[in-house]
Amino acid sequence: MDRNTTEMKAAQTPDPENASKRRRGGGSGGRVFQTLLIPVLSIFTGLVFGAIVIAGTDASVIAAYGNFFRAPGTALKDTWNVIALAYGSLFAGAFGNPTTIIQGIQTYNATGDQKAFLLSIYPFTESLAAITPYILAGLAVAVGFKCGLFNIGAEGQFGIGALCSAFVGYSIKGLPWFIHLPLALLAGAAGGAIWGAIPGYLKAVTGAHEVVNTIMMNYISFSLGDWLLNGPMKAPGFRPITPEIQDSAMLPRFFPPPLRFNWGFILALAIAVLVYWFLFKTTLGMEIRAVGANPDGAKYAGMSVVRNFVLAMTLSGALAGLAGATQVLGIDHWVGQNFSSGYGFDSIAIALLGQSHPFGVVLAAGLWGFLRSGATNMQSMAGVPLDVISIIQGLVVIFVAAPAMIRWLYHIRLARAEAIVLTRGWGH
Amino acid sequence: MATTIVQEKEKRPYFRNRLVIGLVLVGTGLLILLLFGLNVKAGQMASYELTPRGDSQVIPIPGLTLPVQTSIYILALVAVFLGAWQLARGIRSNGVLVGVVAFCFVAAFLLWATAGKSMDLIGVLNTSVVRATPIALAAMCGVISERSAVINIGLEGIMLSAAMAAVSAATLTHNLYIGLAAAILTGAILGAIHAVLVIRFKVDQIVSGTAINIIGSGATNFMSARFLETNTEKLNNSGVFPNITIPLLVKIPILGPMLFENNLIFYLTIILVAVLYVVLFYTPWGLRTRAVGEHPKAADTLGINVYLTRYVDVIIGGMLAGIGGAYFTIGSIGRFDRLMTNGKGFIGLAAMIFGKWNPIGAYAASLIFGFADSLQVKMQILNIPIPSEFLQMAPYIVTMIVLAGVVGRAHPPAADGAVYEKQ
C-alpha cells in the first residue's frame with residue numbers, strides 16, 4: 001500500500017519548474033517525441049560505450065596510447081580506425097554494401113542475371129530473417145510485462161517450441177503444406193505455452209516468483225533438449241541434431257538459395273498486429289493490463305488475478321514457442337544444441353526498449369536483428385568478439401529503465417513521470 | 001472476539017494443507033516402494049565407505065553395509081506411516097515431516113542406485129559441502145541485501161565478473177590472495193552500481209539485476225575471447241588455493257575429512273555465515289538493517305539513514321558474491337571458462353528463500369543443493385539407468401518445488417522490492 005501511494009504521489013506531484021511547460025504539452029517536446037527520444041538516446045549512448053569498449057580493448061590501440069605523448073595523432077587515428085572498421089563491418093553485415101547493391105541492380109537490368117543482385121542483398125535479407133524470432137520473442141516478454149510478470153523463460157520456451165515444431169515437421173509425412181505447416185507452427189506454440197504456463201500457475205497459486213521459476217525452467221529445458229537430441233529425436237549420424245523437416249512443413253522463402261528470407265517475417269508482423277488488437281481492443285486484454293497495473297485494484301473490481309496470471313504466462317510462452325517454431329521451419333529446418341542461445345536476454349532488452357507495446361517491440365526487434373546480424377560480420381571482418389553486443393544491450397536496458405540517467409546526460413526535462421513497475425517482492 | 005474470528009479464518013486452509021501434505025507423503029512412500037523397492041533383487045547389499053580413500057589423518061571406522069531391499073521397504077513404510085499420521089491426527093510442523101520423508105526418498109534412491117556396488121560416501125559428502133560454497137555465498141549476498149529490502153538478482157553477473165577478475169589478477173601477480181582481493185573489489189563495484197541504480201535512479205530492482213547479468217556475462221565472454229583465450233599462460237592460469245588441514249579436528253570420523261580438509265574459501269564461507277548471523281541478529285547495525293527492510297518509513301523517523309544502510313548492505317552483499325565468484329576459478333579449477341557459474345547464482349537465491357532469509361537457514365539450504373549437485377556427478381559415474389541429463393535437471397526441479405512452498409510459505413522482509421522515497 002505504501003508503495004502504491006508513493007508512486008501515485010510521484011506521478012501527481014507538480015513540478016514547479018516545468019508546470020508552464022507541461023501546460024504547453026510537454027517538457028522538451030511532445031509526448032510521442034518524448035517516448036521515442038529516451039530509447040533512441042539510450043541506443044546511441046549504448047553504441048558510444050560499445051565503441052569505447054571496442055577501441056579500449058584493441059591491442060594496437062593500447063600500444064598506440066602507450067606512445068601517446070610522443071605521437072598523439074597516431075593514437076587518435078588508430079582509435080578512429082578501429083571503431084570505424086568495427087562499426088563499418090557491423091553496418092555492412094546488417095545492410096550490405098550500397099555500391100554492391102547498385103552494381104547488382106545494374107547487372108540485372110543489363111543481362112537479366114539475378115545472381116549478383118541477390119548476393120548483394122543477402123546481408124539485408126539475413127537481417128530481416130533474424131528479426132522474425134526477435135519480434136515474436138520480444139512480444140512474449142512484452143505480454144508478460146503488461147501483466148506485471150517478468151518472463152525470463154523466453155529462452156527455454158523458444159527451445160521447447162522449436163523441438164515440438166521440428167518433431168511435427170519431420171515425423172509426419174504425406175500431409176499437404178496447408179495442413180502440415182500450420183500444424184507445426186501450432187505445435188511450437190503449444191510447447192512454449194505449456195512451458196510458460198507452469199511457472200505462471202505456480203506464481204498464481206503459490207506466489208512463487210516467476211523470475212526464479214522461469215530461469216529454472218530454462219535450465220530444465222536445456223537438459224531436456226540435450227537428452228532429446230542425443231536420444232529419441234536424434235537423426236542418424238554422429239551429430240546431436242534432429243532429422244530435417246519435411247518440405248511440406250517449411251515456411252516458403254521469397255528468393256532462391258542462399259537467401260533465407262521467408263514468410264515467417266510476414267507472420268511475425270501479423271502476430272504483432274494481433275497481439276496489439278488483443279491487448280488493447282478486447283476485454284480479456286484489458287483485464288491482463290489491469291492486473292498488471294494494479295493487482296489489488298483488479299481483484300477488487302472482480303477480475304481473477306490467478307486466471308490472468310496463468311493466461312498471460314501461457315500466451316507469453318506460446319509466443320516464444322512460436323518464435324522457435326518460425327526459426328526452425330523458416331531458417332534452419334533442423335534443431336541442434338544451443339538452438340535458443342541468446343534469445344532470452346535479447347527478448348528482455350527488446351521488450352524494455354519497445355516499452356512493452358507491440359509496435360514498439362517490432363521497431364526494437366528491427367534494431368536488434370540488424371545489430372545481431374551485423375555483429376557476426378563484425379566478428380569475422382574486424383575481429384571484435386560478438387559479445388560486445390551483449391554489453392551494448394545491457395547498457396541499453398539500464399538506460400531505458402533509468403531514464404533519469406539519459407535525462408541527466410543530455411539535459412532533457414521531464415514531461416510526465418514514467419515508471420516501469422515490475423517488482424512485487426517475492427510474491428505474497 | 002477477535003481471536004475466534006482469526007481461528008475461524010485459519011481452519012479451512014490449515015485443514016486443506018494437512019490433507020495435501022498427508023497425501024503427498026503417502027504418495028511418496030508408495031513411489032519409494034514402486035520405483036525402488038520393486039526394482040532391486042532380494043539379497044543385494046550396498047556398502048558405503050565411511051573412511052576416505054587415500055591417506056588421511058582420520059580415525060578409520062568400518063563402512064556400512066546395508067541390505068538394499070529391506071532398507072527400502074523400511075523407508076517406504078516410514079514415509080507412508082508419517083503421511084497417514086498427518087492425514088489422521090495432523091502434526092503442526094509440516095516442514096519437519098516433509099524433510100524426513102524427503103530424506104527417505106533420497107536414501108531409497110541412493111540404495112537403489114548403489115545396489116550391489118560400493119560407494120565412497122565421505123567423498124560424496126565432502127563434494128557436496130564444497131560445491132555448496134558458491135551457492136551459500138550467493139545466498140548470503142541475497143540475505144544481507146534483501147534484509148534491507150533491496151532485491152539483487154544480478155548474482156550471476158557479479159560472480160562471473162569476480163571469477164574472471166580473480167583468475168586474471170592471480171595469474172598476473174602470481175598471488176592468489178591478490179586474486180581474492182580483486183574478486184572482492186569487483187563484487188563491491190558491481191554491488192555499488194546496482195545500489196546506485198536502484199536507490200538513486202529508482203530503477204526497478206529486477207530490471208537492474210537482469211541488466212547486470214547481461215552485462216556481466218557479455219563482458220566476461222568478450223574479455224575471455226579478446227584476452228584470456230589467447231593469453232592463457234599470462235592471464236588464465238592461476239593455480240588453486242591449497243587444502244588446509246586442521247590438525248586435531250580432522251581426526252573426527254565422518255565429519256573430519258568432510259569439513260576440515262578444504263581450502264581457504266570454504267573456511268571463509270563458514271566463518272562469514274556465522275558472522276553474518278551474529279551481526280544481523282545481535283548487533284545494532286543488524287537491527288537497523290532489518291528495520292529498514294521491514295518498515296523503512298518508521299526507521300527513517302527514528303533517524304536511521306535508510307539510503308546509507310541500503311548502500312552499505314548491497315555493497316557488502318556484492319563483496320560476498322565476489323568471494324563466491326572467486327571460488328569458481330581460484331578455489332576450484334584455476335582457470336576461467338565462459339558462463340562457468342551455470343545458474344548457481346539463481347540457485348543461491350532459491351536457497352535464500354528456502355532458508356527464510358536467515359543466514360544459517362540459507363546455508364543449510366545450500367548444503368541440500370550442493371548435495372544434489374554432487375550426487376548428480378556421482379550418479380553419472382555409477383552408470384545407472386537414468387540418463388544423466390535428467391540427473392542434471394534435479395537441482396533445478398528441487399528449487400522449483402522448494403519455491404512452491406512445499407515446506408511452507410516464506411515471508412520476505414516486508415518492504416522487499418519497494419522503492420523508498422524520503423518525504
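How many residues has helix α6 of chain A, and what distance does the helix reach from its first C-alpha to its last? Select residues 98–111 of chain A: the helix has 14 residues and reaches 20 Å, close to the 20 Å expected at 1.5 Å a residue. That expected span is 1.5 Å times one less than the number of residues. Helices (H or I, at least four residues) and strands (E, at least two) are DSSP runs, numbered from the N terminus.

This is a predicted model, in which local features need pLDDT of at least 70 and side-chain atom pairs count only at pLDDT 80 or more, while totals for chains, interfaces and linings use all residues. Residues are numbered from 1 along each chain as its sequence is written, and chains are lettered from A and ligands numbered from 1 in the order in which they are written.

**Stop 1**

Remain on α6(A), which is hardly covered: the count of buried residues among its 14 residues is one. A residue is buried if 20 or more other C-beta atoms lie within 10 Å of its own, exposed if 12 or fewer, and partly exposed in between, with C-beta atoms placed from the backbone. After α6(A) comes A:Gly112, whose phi is positive, near 80°.

Next, select helix α5 of chain A, residues 72–95. Its 24 residues should span 34 Å at 1.5 Å a residue, and its end C-alpha atoms are 34 Å apart, which agrees. Colour the buried residues of α5(A): A:Thr79, A:Val82, A:Ile83, A:Ala86, A:Ser89, A:Leu90, A:Gly93 and A:Ala94. An α-helix has 3.6 residues a turn, so residues three or four places apart point the same way. α5(A) is followed by A:Gly96, which has a positive phi near 95°.

**Stop 2: A:Glu244**

Centre the view on A:Glu244, in the loop between α10 and α11 (264–281) of chain A. Is this residue buried or partly exposed? A:Glu244 is partly exposed, because 15 other C-beta atoms lie within 10 Å. Leaving aside neighbours within four places in sequence, A:Glu244 is in contact with A:Tyr170, A:His333 and A:Trp334; contact requires that the C-beta atoms of two residues, placed from the backbone, lie within 7 Å.

**Stop 3: where chain A touches chain B**

Display both chains. The contact takes 46 residues from chain A and 46 residues from chain B. On chain A, the helices that each supply at least two residues to this side include α1 (2–12), α9 (177–206) and α10 (210–230). The most comes from α10(A), with 11 residues. By class, the side of chain A that touches chain B has 29 nonpolar, 12 polar and five charged residues. Here Ala, Val, Leu, Ile, Met, Phe, Trp, Tyr, Cys and Pro count as nonpolar, Asp, Glu, Lys and Arg as charged, and the others, Gly among them, as polar.

**Stop 4: chain B as a whole**

Along its principal axes, the C-alpha trace of chain B spans about 70 × 65 × 40 Å. Buried residues make up 51% of the 423 residues in chain B.

Colour chain B by domain 1 (2–116) and domain 2 (122–403); these bounds come from an automatic or database domain assignment. The domain centres, taken over C-alpha atoms, are separated by 30 Å. Each domain of chain B gives 11 residues to the contact between them.

**Stop 5**

Select B:Met140 and B:Ala166, which touch the most other members of the largest nonpolar core, a set of 253 residues. Such a core consists of buried Ala, Val, Leu, Ile, Met, Phe, Trp, Tyr and Cys residues joined through C-beta atoms within 7 Å. Its largest share, 15 residues, comes from helix α4 (residues 121–147) of chain B. Beyond four places in sequence, the contacts of B:Met140 include B:Leu272, B:Leu320 and B:Pro359.

Move to B:Ala149, in the loop between α4 and α5 (155–173) of chain B. Its phi is near 70°, a positive value in a residue other than glycine. B:Ala149 is buried, with 28 other C-beta atoms within 10 Å.

Finish at B:Lys356, in the loop between α14 (344–354) and α15 (359–382) of chain B. B:Lys356 also is not a glycine and has a positive phi, of about 55°. With 17 C-beta neighbours inside 10 Å, B:Lys356 counts as partly exposed.
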